[in-house]
Amino acid sequence: MNELTVPQGLNEVDALIYLARIGDKVENLTREGLWKVSQDKLWEGRFSSWAEFVESAEGLNKSQGWASKHIAIHEFYTLEGGLLPEQLEGAATESLYMARALPGSPEEKVAMARSLSRRELKETKNEHENHVHSGETYSVHRCCGMRVE
């Protein structure tokens, strides 16, 4: 595997911008690769299951949710929406995933994923679905994130 190096002469800010842009390209390749390995069951013979491939330290060492989101993004925007993977660059994975439920074309959804915060994406989805809050609230433990009834 090739080592990643940052071009010499970049200050810390420009080095981070460079790495973030490489990260976008890597995510696109990862999405396409996950979809292909999943569809063609290329993990068989080396791993006993898709879950083992995704979750084990010998495999991707990621969660099933992580893999599922990347595959869903690839299917929705690239395969069904006809966008090139490069058109997704600059948008966070979580934002792209959430934006799928918003109104508009795939291009408009990518634009919203790039420009809206997570909260704004949720609000836009709720407005589109005429969501009404029930008024129920709950608490979450600060240390572990578990819901408290």
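Biologist: Which side chain meets Lys69 in a salt bridge?

Modeller: The side chain of Glu94 does, at 2.6 Å from N to O. Lys69 sits in helix α3 and Glu94 in helix α4 (residues 93-99), so this pair ties together parts that are 25 residues apart in sequence. A salt bridge here means a side-chain nitrogen of Lys or Arg within 4 Å of a carboxyl oxygen of Asp or Glu.

Biologist: What kind of model is this, and how are the residues numbered?

Modeller: It is a predicted model: local features need pLDDT of at least 70, side-chain atom pairs count only at pLDDT 80 or more, and totals for chains, interfaces and linings use all residues. Numbering starts from 1 along each chain as its sequence is written, and side-chain values use heavy atoms, with hydrogens and water left out.

Biologist: And what counts as a helix?

Modeller: A DSSP run of H or I with at least four residues. Strands are runs of E with at least two, and the numbering goes from the N terminus.

Biologist: Why does four places matter in a helix?

Modeller: An α-helix has 3.6 residues a turn, so residues three or four places apart point the same way.

Biologist: Which residue pairs with Arg119 in a salt bridge?

Modeller: Glu123, with the closest N and O atoms 3.0 Å apart. Both are in helix α6 (residues 118-128), four residues apart, or about one helical turn. Arg119 is exposed at 62%. Glu123 is partly exposed at 35%.

Biologist: New topic. At what angle do α1 and α3 pack?

Modeller: At about 100°, with the axes 8 Å apart. Helix α1 covers residues 12-39, and helix α3 covers residues 64-80. The two are therefore roughly perpendicular.

Biologist: Where do the axes and the word "perpendicular" come from?

Modeller: Axes are lines fitted to C-alpha atoms, for helices over the stretch in contact, and angles run from 0 to 180 degrees between N-to-C directions. Under 35 degrees is roughly parallel, over 145 roughly antiparallel, 65 to 115 roughly perpendicular, and the rest oblique.

Biologist: Which residues meet across α1 and α3?

Modeller: On the α1 side, they include Glu27, Arg31, Glu32 and Trp35. On the α3 side, they include Trp66, Ala67, His70 and His74. Contact means heavy atoms within 4.5 Å.

Biologist: Tell me about His74. Buried or exposed?

Modeller: His74 is buried, at 4%. It lies in helix α3. Not counting residues up to four places away in sequence, His74 touches Arg31, Glu32, Trp35 and Leu79.

Biologist: What do the buried residues of α3 pack against?

Modeller: Against α1, α2, α4 and α5 (106-115). The buried residues in α3 include Ala67, Ile71, Ile73 and Tyr77.

Biologist: What follows α3?

Modeller: Gly82, with a positive phi near 75°.

Biologist: Now Lys62. Where is it?

Modeller: Lys62 is in the loop between α2 (50-55) and α3. It is partly exposed, at 37%. Leaving aside neighbours within four places in sequence, Lys62 is in contact with Val54 and Glu55.

Biologist: Last one. Which residues make the nonpolar surface patch?

Modeller: Leu4, Val6, Leu10, Leu16 and Leu19, covering about 420 Å². Leu16 is in helix α1 and counts as exposed at 59%. Patch residues have over 30% relative accessible area and no salt bridge; like charges are joined within 9 Å, and nonpolar side chains (Val, Leu, Ile, Met, Phe, Trp, Tyr) within 5 Å. Accessible areas come from the Shrake-Rupley method with a 1.4 Å probe, and for residues only the protein chains shown count as cover.

Terms used. Buried < 20%, exposed > 50% of the residue type's maximum accessible area, 1.4 Å probe, protein only.
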